[in-house]
Each structure stands twice: as structure tokens, then as C-alpha cells.
Amino acid sequence: MPTAVVVLAAGSGTRVGAAINKVLLPLGDRPVLAWSLRDALALPDVRRVVLVVRDGEQDEVAAALAPYVGDHEVALVVGGDTRHASEWAALQMLAADIRAGDVDVVAIHDAARPLAGTALFTAVIDAARAHGGAIPVAPLAGLVRRDGGPLPPGRLAGVQTPQAFRAGELLAAYEQAAGDGFEGTDTAGCVARYGSARVAAVAGTSHNLKITFPEDVALADAVSQAVTQEQ
């Protein structure tokens, strides 16, 4: 069944301390952003890939990705000032295909998580078809209570991306959110507020780290080398 993948790359990335958008920083032999696009384009039955970028960076992003996209078509859309606004911009681009039934599941992923891998994409997409929605979760380690006491192991988990949902229900949720002026902190938050789909949890991976601070770039580089050697 046809899938659409949205890759969000419209954030400012100021905390990483680079002079350019962090998704354009080198990671191994390619820009950070190219890793997520490679995974998206390698998935079976992907009908549309949409890349959400900041206004003014369209040409820079297109030039940086040209060597890695090949003959594949990747649609660029300008994002908004918030994550939710960027998701909504992508869904509006996909709306005609969704309403026509040409796309049955949409996966939304942060470009700042370059090492998700095709296996995780496939797992959340398959779970979304089965249940209505799916998010990857991974245990959080090294946390304590406010009083300094330890937390019981396995009680808390962090939510990652890609997050995937049945396309029609996802679009309907964002249309209702637009009417109400509501903005969720992530895709699942909006679907939970307006949709009826069950959102299943899929096991995430420690490789699927998010590049936020300067030290994350070095860590991601080390992990990317290990991932490349395993492939």
C-alpha cells in the first residue's frame, strides 16, 4: 500500500552552535539530512517523500541533497514557525493524494534523528496500518525524582520519530486543529486530541538519537560509523 514520508528540517537548530542549519552538517560521508532521506527513499511502496525546510534555504538544501537523491522525486515545502505548522504545511501538500486514496499511511520524521534506519520506519508504518497510529518509544535511563531518589526501572520512556498514522485520520485531525487554532507538541499529540485511532508503541532504538547540542554531533558520528560497519 502507498506510503508518504514527511521529513521535518525547518527548525532553527541554534542550540547546536553551528553557522548553518544542523541538518546540513556533515555526518560521515553525507549531510545529516541525507541519512533520513536515504531511509525514506529505500522503503517499499513509498509514493511521496516531502521535505519541509525553512524559507530561504530551499536552494541550499536542494544543492546539498542532489548527490544523494538520484532520480527520486522529493517535494520541498516551506515550513512554519512551529513543528505543528510545518507538519500542517506538509499535510496540505499531500491532501489531494490522501483524499484520492493514493496514500494510506503518512510517516513524519525529524531530520535531526538521522540514524532511525529503515527497520524502524517499516515497524511504525506496519503498526500504523494495523492500529491506526504508531510511535517509537525507548526506555529513559539515568533519571531521578526531584528529591534525588531513583525511579523504578522501566517506568518512563522517551518518544522518538518516525511517527506514522493512517493518512485520512491524520489529515482530519490536523484540519480540525487548524479550525480550532490548536498546535500539538508532536504528531501523536494532535492525533490523540482529535482522532479516534489507537496509537501503538513500537520499540525504538538507542541509535535513533536526536542532534540537539554540539556534543550530539560527535556522538552521532561515532554511532553512524558503527551502523555503517554493521550494514
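1. Let's start with Asp97 and Arg48, whose side chains form a salt bridge with N and O 2.7 Å apart (a salt bridge being a side-chain nitrogen of Lys or Arg within 4 Å of a carboxyl oxygen of Asp or Glu). Asp97 belongs to helix 3 (residues 83-99) and Arg48 to strand 4, so the pair ties together parts 49 residues apart in sequence. Helices (H or I, at least four residues) and strands (E, at least two) are DSSP runs, numbered from the N terminus. Asp97 is buried, at 14% relative accessible area; buried means under 20%, exposed over 50%, partly exposed in between (1.4 Å probe, protein chains only).

2. A note on the basis: this is a predicted model, where local features need pLDDT of at least 70 and side-chain atom pairs count only at pLDDT 80 or more, while totals for chains, interfaces and linings use all residues. Residues are numbered from 1 along each chain as its sequence is written, and side-chain values use heavy atoms, leaving out hydrogens and water.

3. Arg83 and Asp110 also meet in a salt bridge (2.5 Å, N to O). This pair links helix 3 with strand 6 (residues 105-110), 27 residues apart. Through shared partners, salt bridges join Arg83, Glu87 and Asp110 into one network. Arg83 is partly exposed at 22%, and Asp110 is buried at 9%.

4. Now have a look at helix 2 (residues 58-69), whose buried residues are Val61, Leu65 and Val69. Down the helix axis they fall within an arc of 55° (taken from the directions from the axis to the C-beta atoms), so they line one face. Asp59, Ala63 and Pro67 are exposed on the other side.
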